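Subject: The two-chain model, with notes

Hi there,

Here is the structure I promised to send over. Have a look at it first, and then read on for what turned up.

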Amino acid sequence: MKRITRRSLIQQAFAYSALASCSMDKKKKHSVGGAPIQPDADDGSAKEGPNSAGLFDPNERFLIVLGCFGGASINDSFMALSESQVKAAGGDPGKLNCFSDQQLVRLSGSELTAVKIQKDIDTLGGYKVDTDQSTFLKKHVQDMLVVTTNMTSVNHGVAQMRSLTGNDAWRGRTLQEAVALQYGKNKPLANINMGSGGYSFVGIDKELPEYARQYTVSDPKYWPLGLHSSIGLSTQIESELLQLARDSRNGLEEISNFNRTFKGSAEVVRWKQQRLDKIQTFEQLDLVNRLFFLEQNGSGIEGAKEAKMLRELFPNYGIDHFEAQAMMAYLAITSGVASAVTLSPNSAALTSGNVKDFINPPIAFDFSHTDHRGTQAMMWDRMLSVADKLITLLKAMEFNPLTGESFWDRSMIYFATEFGRSKNKEPGSETFASAHDLNNGSLIMSPFVNGNSVLGAVDSKSILTHGFDLNSGEPVKGRLTSEKEFYTGVLTAMDVDLTGSGLPTVTAFKKS
Amino acid sequence: MVRLKYVLSLIVIASLVGSCGGNILPQETPVANAPDGSDGQGAEPKKPEFNGALSEKGNVKFKRQAVLEADIAATLDLPKDSLCNEFGQFSCINDIHHLALGGVDAYDNNIYDAIAEPIATTPVILERIVISACGLRAEKDFANEGSAVVFKGIQSEKADPISIKESITRLYQRALLRNPKEAEINQLIGLHESLQARSLSEPGKQWAQLACYAVLTSVEYIFY
């Protein structure tokens, strides 16, 4: 591990600004110059350096799940094929979803491809797609692992859920719960889920410890206010007086017949424990100020130190939940609140105000039912833009001063998606519709995985993906990667203890 | 004979309907004439001590979003949309913290299933809502004693003990639909005395907020 300082990281990170990577961002000309993070501030603030607050274990890891709502096709990104490849393999490039040579970018020494698309989506009022995945690929290829998958459902909600649970591979625990269980014991809210639909699924393992259970968040902008009993309200009560009232409440409960009768109820016991443990923890750790990123003058809320920088980096946070979720994800990880965070676009159409300037198409990736190529390009760009910014931010924040590791050195981003899309296209047309297809692949990004590689392969004649040897990683024709195997590979790469889980051995994901 | 029974039945039904009055709250009992044989100051008459027969099933439910909102609004006689608003704009109960209170978010986030049980953030969110609503009730009651709903006769610096007991009784009747026990009254009077001993600018109003908070965050109020 090379020796790095926070300042050098920030300078490098922002010199290669997050904004350089994604074409949609280039158009918006975000202003993130200067030194938005002030990690070298001399005020000794505990918020800035979570290690100094004693919240981090040097071995811990963080999982970020990006839910690609609607079905992100790997054939339209990092496993895309050219027409010439399909033709050479004996396939019909006119009928399969493949690209002209000009639309594909390949890097020397890499199996991964990137797609460049320029087209109008007529069914979105002529929205102009102009995307290029190659900048992202060039910047992050060393941390990118694409794994072929074969899902078991083409129902959105069910498949989304299974992309997190490996189809109940391990007692119904989600990946986030498993990671929170391993690394989140000392976190106030180890598993924060801001996702939509099946990506907000709560695992079904009844024996999962309380601390690993997820906290579902609907609006990340205002949610932190719920971590304090009164901050920002017109009614303020001094903490000393509030404690008096809490003591009185506890005294009243001792007298109450209702309490005496039902004090053994599991619900009541759990409630009292949560009340005792959490309220003071949240307030003592000042979570509201660690996580709040809106500008609210005069509210009594100071907010996160990085809030201004984040607002500039994610300028649509006010209207776009996905950007606001990314801001929250960054703050939750770097301020020691969470081990696992989940975010995703939702199914609602979103424009910047101009009806032709879509931020999110209706039903997100699933608008591919109407215009596959344009939608996939647009949505992949949306996902990669947020991922790029998060990675850049995490690289710029020091995790461990002793080793010089950044937060990115301890993190993984999993691009979860429910399934792929059908492989056919309308002959001779760039505008065609697609259906759901079990066959696909998923992108994982992390310093913990074998980067710049693909596990499995895509058959050039059919453009269907196939699997690989779970440990050597060698492609195996005729083998399909199950949800359970994928789930195990992710947790193995995250160094989660799988003892007694009954899961198969899958070491191919983990950096060798 | 049949006809007589029919007429009698109608009379019984009419009397039952008439007694309900369509009010979900118990009719406020004039404290001085409490019909339950109490001391007239809200405390229940002396009864044998409850021995705490513990429920074997312990089958209680947390009041979820809509029930909680309706109950707090009714208890404190406040419009639902005034109970708690983040930055004075967004409803704590319906817009911002609804998932933690057992609501769903079908339109924005495709979340159709409510949480099965309270999550870690639920207790603090409940406190937030109650502090806001109790603060509002105390503000109103202290701004206009004549139209006070819960806290009457305690607006002056030296509130008399009877008015305090009456306020506690009203609070219990409205919140828990019963009269307070003597020990419960004493508990809240103890809180009042603690505040009086401090140099607070408006100890009476502060007590009103805190007493309201103590009752409305108790398990008896938030479970059923």
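A salt bridge here is a side-chain nitrogen of Lys or Arg within 4 Å of a carboxyl oxygen of Asp or Glu. Please keep in mind that this is a predicted model.

Across the interface of chain A and chain B, the rule finds 4 salt bridges. It also finds 23 residue pairs in polar contact across that interface, with both residues at pLDDT 80 or more.

Which elements of chain A supply at least two residues each to the side that touches chain B? They are β7 (214-216), α7 (239-255), α8 (257-262) and α9 (266-284). The largest share, 13 residues, comes from α7(A). By type, the residues on this side of chain A divide into 25 nonpolar, 27 polar and 14 charged.

As for the interface as a whole, 66 residues of chain A are in contact with 65 residues of chain B. The size of an interface is often given as the accessible area lost when the parts come together. Between chain A and chain B the buried area is about 5700 Å², and carbon and sulfur atoms give 65% of it.

Is A:Arg249 buried or exposed? Its relative accessibility is 3%, so A:Arg249 counts as buried. The side chain of A:Arg249 makes a polar contact of 2.8 Å with the side chain of B:Thr217, and another, of 2.9 Å, with the side chain of A:Asn250. Leaving aside residues up to four places away in sequence, A:Arg249 touches A:Arg275 in its own chain, and B:Glu127, B:Tyr213, B:Ala214, B:Thr217 and B:Ser218 in chain B.

Now for chain B itself. Chain B has 9 helices and 2 strands, and from the N terminus on the elements run α-α-β-β-α-α-α-α-α-α-α. Of its 224 residues, 51% count as buried. Among contacts in chain B between residues at least 6 apart in sequence, 58% join residues at least 24 apart.

Back in chain A, have a look at A:Leu443, found in strand β16 (residues 439-445). A:Leu443 counts as buried because its relative accessibility is 0%. Not counting residues up to four places away in sequence, A:Leu443 touches A:Phe78, A:Met144, A:Leu145, A:Val146, A:Leu384, A:Ile413, A:Tyr414 and A:Phe415. Although A:Leu443 and A:Phe78 are 365 residues apart along the chain, their C-alpha atoms are separated by 8.2 Å.

Last comes helix α12 of chain A (residues 321-334). How many of the residues of α12(A) are buried? The answer is 14 of 14, and the helix is mostly covered. At 1.5 Å a residue, the 14 residues of α12(A) should span 20 Å, and the end C-alpha atoms are 20 Å apart, so the two values agree. At the start of α12(A), a side-chain oxygen of A:Asp320 reaches to within 3.0 Å of the backbone nitrogen of A:Phe322. Just after α12(A), A:Gly336 takes a positive phi of about 80°.

Happy to talk any of this through.

Best wishes

Terms used
Residues numbered from 1 in each chain as written. Chains lettered and ligands numbered in written order. Predicted model: local features only at pLDDT ≥ 70, side-chain atom pairs only at ≥ 80, totals over all residues. Heavy atoms only, no water. Contact = heavy atoms within 4.5 Å. Buried area = accessible area lost by both parts, 1.4 Å probe. Polar contact = N/O pair within 3.5 Å; in protein donor to acceptor, adjacent residues only side chain to side chain. Helix = DSSP H or I, 4+ residues; strand = E, 2+ residues; numbered from the N terminus. Nonpolar A, V, L, I, M, F, W, Y, C, P; charged D, E, K, R; others polar. Buried < 20%, exposed > 50% of the residue type's maximum accessible area, 1.4 Å probe, protein only. Expected span 1.5 Å × (residues − 1).
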